Every structure is written in structure tokens, then in C-alpha cells.
Amino acid sequence: MSNPYFKFKQFTVWHDKCAMKVGTDGVLLGAWADTENCQHILDIGTGTGLIALMLAQRSRAIIDAIDIDESASLQASENVSASPFRNQIRVQQADIRNFARKTPAKYDLIVSNPPYFIQSLKSPDEQRNRARHTDTLSLEELITESIQLIKSTGKMAFILPAQNETELETIRKQQNLYLTKRLAILPTPDFPPKRILVELSFKKPTVTEQNQLIIEISRHQYTQEYKELTREYYLKM
């Protein structure tokens with residue numbers, strides 16, 4: 001049986017009640033998303049609360065963390081309550097569509113590690129399906145709903161499969177959004193990018209910041225760039 005929790009430098013994340021466990025994708029987004037000048041942040045599909053906790057560690061922002069799943073919301077609440085950031089993060093069970101229609105709040109930053117499996121083989125576990133598949137929240141819906149909640153000066157940061165980049169480009173152009181930052185994630189030097197980290201904004205950048213990050217040189221031999229990005233979180237980096 002895998003460990004039911006993951007200990008970081010300043011907080012511990014239990015994930016035994018969540019369909020999606022603590023993983024590299026969430027850590028990458030939590031470490032990469034730009035929190036500068038952010039006073040109010042929204043984490044959509046918070047799961048364990050990992051990304052919200054990471055953002056709270058390096059900002060003073062008030063963070064709303066929402067998840068459609070009851071068990072995930074409960075676990076996120078427990079993780080936040082046991083952390084030093086309990087006064088910064090507000091967890092609630094909510095569907096982003098309903099949340100967008102009811103909340104008067106506008107955010108400086110919206111982040112999400114969204115479900116990304118499209119028409120792939122599903123698990124018998126419905127909770128895991130909700131967390132992993134796009135049936136309940138497509139990329140287009142995620143961006144459309146986020147637009148309703150973002151400040152005109154705000155930004156959105158997502159981690160997506162590299163194969164979804166063409167779809168992302170189509171949607172962002174339809175919604176008059178600009179790609180301000182992009183980081184391609186390569187598992188090793190010999191593999192093409194598996195994930196992309198993207199930042200979107202209504203403000204046209206002078207130049208789009210484009211980089212790549214290799215995670216491992218070989219098994220458990222992490223690159224210096226990955227160590228630098230995650231150093232403030234991982235215990236052994």
C-alpha cells in the first residue's frame with residue numbers, strides 16, 4: 001500500500017481520501033505559477049489542497065480552493081486546517097459553473113491541474129473518473145468559466161498534456177487571451193514534452209516567455225533546474 005500522506009517542508013498532504021494522489025503535475029504548477037502582486041487566488045479542482053498550500057507558502061494571498069468531489073473537499077479542508085496556512089485558504093465543495101455564477105469575487109490568479117483524459121478507458125471508480133476525465137469539465141469550459149472570475153489584469157495558470165496544446169491555442173484565440181508564459185516539461189532529455197505549463201492573460205506580452213524543463217537526467221537523478229524550482233517544498237531537494 002502506498003503512503004497515505006506526503007510530507008513537504010512546511011506542510012503535510014494526506015491523500016488517502018482523494019482519487020488523485022500527490023503527483024509531479026501538481027507540484028510543478030504550485031511551484032511555477034506566478035503569485036507576485038496577487039491578493040486573491042482561485043484553485044479549481046483543488047483535490048488534496050496541494051497547489052493551494054504551495055501558493056499560500058510563497059504569497060500572502062487569500063486563496064479559494066474548490067472541488068466538485070465531496071471526499072476531496074473534506075481532505076483538502078483537513079490538510080489546510082493542519083497547516084500553517086489555515087487562515088489564508090478557504091476550501092469549499094463546488095462545481096466551477098455554479099461557483100462562477102454565484103460568487104462576486106474577482107481573482108488576480110486562477111490555477112488548475114484539470115482532468116485531461118479524453119475518451120480513454122475509464123476506471124470502475126467514479127471518484128477517480130471525475131478527477132481524471134474531461135467528461136465533467138472540458139478545457140473549454142474551464143477557460144470560459146475562469147474568464148468570468150478573473151480580473152482584467154489577472155492571469156490563469158494551468159498544467160496540461162502537451163497533446164492538448166492545439167486545442168488550447170484555438171480556445172485562447174477565440175476568447176481573446178494571450179499566452180504570456182509557457183514551460184514545456186520533459187521527463188528526461190530523450191523524451192518529448194509530456195506536459196506544458198501555460199499562463200494566459202488579457203494583456204498582450206511584449207514577448208511570450210518560452211522555456212523547457214527536464215525533470216530527470218536518469219532515474220531519480222533530478223536536474224538542477226527541477227531542484228531549484230521545487231527546493232522550497234520537497235524535503236530532500
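**Salt bridges and cores**

E78 is partly exposed, at 36% relative accessibility; on this scale buried means under 20% relative accessible area, exposed over 50%, and partly exposed in between, with a 1.4 Å probe and protein chains only. Before going on, a word on the source: this is a predicted model, in which local features need pLDDT of at least 70 and side-chain atom pairs count only at pLDDT 80 or more, while totals for chains, interfaces and linings use all residues. Residues are numbered from 1 along each chain as its sequence is written, and side-chain values use heavy atoms, with hydrogens and water left out.

Back to E78. Which residue forms a salt bridge with E78? The partner is K17, and the closest N and O atoms are 2.9 Å apart. By salt bridge I mean a side-chain nitrogen of Lys or Arg within 4 Å of a carboxyl oxygen of Asp or Glu. K17 sits in the loop between strand 2 (12-14) and helix 1, and E78 in helix 3 (residues 70-81), so the pair ties together parts that are 61 residues apart in sequence. Helices (H or I, at least four residues) and strands (E, at least two) are DSSP runs, numbered from the N terminus. K17 is also partly exposed, at 31%.

Next, R101 pairs with E145 in a salt bridge, with 3.2 Å between the closest N and O atoms. R101 belongs to helix 4 (residues 96-102) and E145 to helix 6 (residues 139-149), so this pair links parts 44 residues apart in sequence. Buried or exposed, in the case of E145? E145 is buried, at 9% relative accessibility, whereas R101 is exposed, at 60%.

The search of the whole structure finds eleven salt bridges.

Now the cores. A nonpolar core is a set of buried Ala, Val, Leu, Ile, Met, Phe, Trp, Tyr and Cys residues joined through side-chain atoms within 4.5 Å. The largest has 37 residues, and F8, F11 and I89 have the most contacts inside it. Among the elements that each supply at least two residues of this core are helix 1 (24-32), helix 2 (50-57) and strand 7 (150-161). Helix 2 gives the most, with seven residues.
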